[in-house]
Amino acid sequence: MNLFPVYSLYDVEPVKGCGSYIYDAEGTEYLDLYGGHAVISIGHAHPHYVEMISKQVATLGFYSNSVINTLQEKLAKKLGEISGLKDYSLFMVNSGAEANENAIKVASFHTGKSRVLAFKGAFHGRTSGAVEMTDNPKINSPFNETDKVTFVPLGDIEAVERELATGEYCAAIIEGIQGVAGIQMPGDDFLRQLREATTRHGVCLILDEVQSGYGRTGRFFAHQYSGIKPDLISMAKGMGNGFPVGGVLIAPPFEAWGGMLGTTFGGNHLACAAAIAVLDVIKEENLVANAEKVGNYLIEKLKAMPGIKEVRGRGLMIGIEIEGSAPELRKKLVFDKHIFTGGAGQHTVRLLPALGITTEHADKFLKAFEEVL
Ligand code: PLP
């Protein structure tokens, strides 16, 4: 059987990881500043994470959502404390797309409406069961229900007002910082205007923090810089440090009923063990503060580097726009300098490293980047 080749691959096979490094079978060391799509939050093979998952596998790896699972409650408690959102409730799923679909479902139940307002360049997932999740024509298929979602320009509050005034919308969904679009910031003022407009029109505000959440930007969730409180928050990626786990945080006015939402694997014991270990390490090692510190350092140095068109982002969610080809430059970084980065389009390099990277790692990258640029 062949694989269905939808991914473009680097000719490297990592067989081991440790902290911010990965290694191939020959022992070549690579600095990982991409973390497999922003997934590696606490570093590769963190000993506490390995221990927690191993113990859980050896006792009860999995059972369904039909029995008491105190691990879910333990996770919710820790998450409420570290995020400052103790009054929200947690519903656990397996991925970012699933988190967004469930958030939209809650909003749709709550309002009795079905349209969703999203923003140009957004990416909210590929499963498309309930709603088109991106306006990228290479990703949408005819299956998508394009009539249920409208994309307006990011930052255009007048376009938002015009759409919401139709009274057809259940939700507006926005990324804390747009990731796949090349690290585009919505702006704190715009988030505040959007919160005010959605409240006034009785529309739920969903913050997609799948990529920008879990401490990556120097706050637990990126939108917390703006001081707003969304109705629903979706998260995944860094939540499990590689174990597939996602969740929706649901604000107090929403009420659950039996059967309202559901999933086979969501919130299983192993996923909880992984997610609890991640929160333990984030707290113990002050990783949110570190993301802010090392992120600011990187952004400041990159802004001063000649040959760069623009640097965007916050904390350790950084987009570096260059004049030349980003895919070519990233290839050179991998093969000549042994550094992994992410990309977005033809001209943007994305940095989404583990939250524990040091200024020494940052300096190593900055030197290599300047040389290949
Ligand atoms: N939302 C955002 C902001 C994302 O960046 C992604 C994935 O890149 C998703 C949703 C979809 O997440 P998943 O691939 O886990 O379904």
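Where is Phe 4 found? Phe 4 sits in the segment before β1 (14-18). The model is predicted: local features need pLDDT of at least 70, side-chain atom pairs count only at pLDDT 80 or more, and totals for chains, interfaces and linings use all residues. Residues are numbered from 1 along each chain as its sequence is written, and side-chain values use heavy atoms, with hydrogens and water left out. Helices (H or I, at least four residues) and strands (E, at least two) are DSSP runs, numbered from the N terminus.

**Surface patch**
- Phe 4 is exposed, at 73% relative accessibility. Buried means under 20% relative accessible area, exposed over 50%, and partly exposed in between (1.4 Å probe, protein chains only).

**Strands and sheets**
- Five of the five residues of strand β5 (residues 115-119) are buried, so this strand is largely enclosed by the rest of the structure.
- Arg 115, Leu 117 and Phe 119 point one way from β5, while Val 116 and Ala 118 point the other way.
- β5 runs parallel to strand β7 (residues 169-175), joined by three bridges. Val 116 has Ala 171 of β7 as its bridge partner.
- Four bridges pair β5 with strand β6 (residues 149-152), also in the parallel sense. Here Leu 117 partners Thr 150.
- Two strands count as paired if DSSP finds at least two bridges between them.
- Another grouping is an open sheet of four strands, ordered β1-β2-β3-β13, with mixed pairing. β1 and β13 (339-340) stand at its edges with a single partner strand each, so one side of each has no neighbour in the sheet.
- Strand β3 (residues 29-32) pairs with β13 in the parallel sense over two bridges. Asp 32 stands opposite Phe 340 in β13.

**Nonpolar cores**
- A nonpolar core is a set of buried Ala, Val, Leu, Ile, Met, Phe, Trp, Tyr and Cys residues joined through side-chain atoms within 4.5 Å.
- The largest has 102 residues; Leu 232, Leu 302, Ile 320, Phe 365 and Phe 369 touch the most other members. Helix α7 (residues 269-284) gives the most to this core, with eleven residues.
- A second, separate core of seven residues includes Tyr 34, Ala 38, Met 317 and Leu 352.
- Leu 298, in helix α8 (residues 287-303), is buried at 3% relative accessible area.
- Beyond four places in sequence, Leu 298 touches residues including Leu 316, Leu 351 and Phe 365. Contact means heavy atoms within 4.5 Å.

**Salt bridges**
- The count is 17 salt bridges, each a side-chain nitrogen of Lys or Arg within 4 Å of a carboxyl oxygen of Asp or Glu.
- Glu 168 and Arg 115 meet at 3.7 Å, N to O. Glu 168 lies in the loop between α5 (157-164) and β7, and Arg 115 in strand β5, so the pair ties together parts 53 residues apart in sequence.
- Arg 192 bridges to Asp 189, with the closest N and O atoms 2.7 Å apart. Both lie in helix α6 (residues 188-201), three residues apart.
- Arg 312 bridges to Glu 310 at 2.8 Å between the closest N and O atoms. Shared partners join Lys 309, Glu 310, Arg 312 and Glu 321 into one network.
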